Amino acid sequence: MTGHFIMAPPPMPPPLSILPAGSMSLVLPQTPPTSHNTWELPSEQVEKPKSQSAMHWGHIAIFYLVQQMHRWERFIFQFDKQFTSMSALKSITGNAPLLKEFDISSSEPAFYAEWPWLPNASPTSNLELPSLKTLTLQYAPFKWNSPMLRTNLHTLNLRALPTGHLPLDRILSIIAANPALKELSLNFHGALPAILPLTPTPLPELETLTIGGHYLLSGLVDTLILPRLRSLTLDIDARESIEDIVTGMLTRSGKPAVEHLSVGYSPGNTSAHFYYSPGGMLVTSWTTLLRELPQLKTLQLGGTALEPLLGALSGPDSDAYSGPGQPAWAGWVCPILESLSLRNCHAHNDGVQRLVGMVGGRNNTGGGGGAGSGNTNTNGTPAQIKTLELYECTSLGADVIEWLSKHVEEVVCTEPTYER
């Protein structure tokens, strides 16, 4: 468990005050190995049961912190498991005119009764948070119409509780209330169909988008207009073609220069199997999708078959135009791709051979091209792959791994569990 609280100095510090001129920082100690309770006194000082003392100290610490909310600049509290005095957090309420960042993050979900704290504030409350720009709530209760979620944030990270099922239009209203967003991460295990019609929602400053959880969240992507998007991460329980979701958003947004794409890649992602339909992949053409991403430098994928993907990356697209005035590598998809990471992507037939062919085609040892600078080789091949990661995909063999290591700067490979 960690906590980090930064408060502005008091307006008139006493003459002998040792506070720095900038800000005051209170840092809770790391969780000791034998306990998940930050609030405990040393055992030799405790006469009451530990749980009772921990509860008292937790409430006392939060009580005094809340008295100084008018001086808060950053409030960061992260914990791995529930602890005795966790309910003390619900007393965090009131105005915080200097607060710039608020972060309550838990590693696991828990059951919460109705908490009258800042993220649950009534939409009619006169809550003053004029400086708040960064908000993170991971497995913490919140209301979709709380004023705290409507302060024109720059960074918003929400991982809802499993019991938090919101209609899609209400989730979209949270996004629309913060048009200055630059980073947005949403994860809802449960979602309900929209009650009100969804409308196109432009986020002209957004550069990083992460959407995960229920399959209905793909409807959010279908409404967003993101002209400055640079990084896109999707871990949705997909029920429709991933390429349609991504290409549709790119077209609406005027083809932004996306440099990072991640689909179904997160460790522990339980939705990877949804990328398979009874008849095969929900991505019908990797070439069609990747052709829309000419500025892509990093590609992370989970739960897809190796052969179609590697086939798209292995050579020039015969349908692409590469006539006069076009560079020699114009037919290649993702010509400046530098990093390829795959997780739980299984080979069915000649996947290993295609992997070797893809690396051989892109990392031509005779070319002098600048993989480091993102430029293509002078012999017509695209930029070299500098990082190749395969986690529990397929067994390659020591000889193949050795060959890959000679042609790629960084290679990471772990075999599937069933083959260990």
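Is phenylalanine 142 buried or exposed, and what is its relative accessible area? Phenylalanine 142 is buried, with a relative accessible area of 15%; buried denotes under 20% relative accessible area, exposed over 50% and partly exposed the range in between, computed with a 1.4 Å probe on protein chains only.

The model is predicted: local features need pLDDT of at least 70 and side-chain atom pairs count only at pLDDT 80 or more, whereas totals for chains, interfaces and linings use all residues. Residues are numbered from 1 along each chain as its sequence is written, and side-chain values use heavy atoms, with hydrogens and water left out.

**Overall architecture**

The protein chain contains eight helices and 20 strands, taken as DSSP runs numbered from the N terminus (helices H or I, at least four residues; strands E, at least two). Of the 420 residues in the protein chain, 48% are buried. Among contacts (heavy atoms within 4.5 Å) between residues at least 6 apart in sequence, 68% join residues at least 24 apart.

Helix α2, residues 168–176, is mostly covered, with seven of its nine residues buried. The buried residues in α2 are Leu168, Asp169, Ile171, Leu172, Ser173, Ile174 and Ile175.

**Aromatic pairs**

The whole structure holds seven aromatic pairs. Rings of Phe, Tyr and Trp (its six-membered ring) pair if their centres lie within 6.5 Å; planes under 30 degrees apart count as stacked, over 60 as edge-to-face and the rest as tilted. Two of the pairs are tabulated here.

| Pair | Centre distance | Plane angle | Class |
|---|---|---|---|
| Phenylalanine 75 and phenylalanine 102 | 5.5 Å | 20 degrees | stacked |
| Phenylalanine 142 and phenylalanine 188 | 6.3 Å | 85 degrees | edge-to-face |

Phenylalanine 75 lies in strand β3 (residues 72–79) and phenylalanine 102 in strand β4 (residues 101–106), so this pair ties together parts that are 27 residues apart in sequence. Both phenylalanine 75 and phenylalanine 102 are buried. In the pair of phenylalanine 142 and phenylalanine 188, the former is in the loop between β5 (134–138) and β6 (155–159) and the latter in strand β8 (residues 183–188), 46 residues apart. Phenylalanine 188 is buried, at a relative accessible area of 1%.

Ring pairs also join Trp72, Phe75, Phe102, Trp115 and Trp117 into a cluster.

**Charge over a ring**

Arginine 343 lies over the face of tyrosine 265, 4.5 Å from the ring centre. The criterion is NZ of Lys or CZ of Arg within 6 Å of the ring centre and within 35 degrees of the ring normal.
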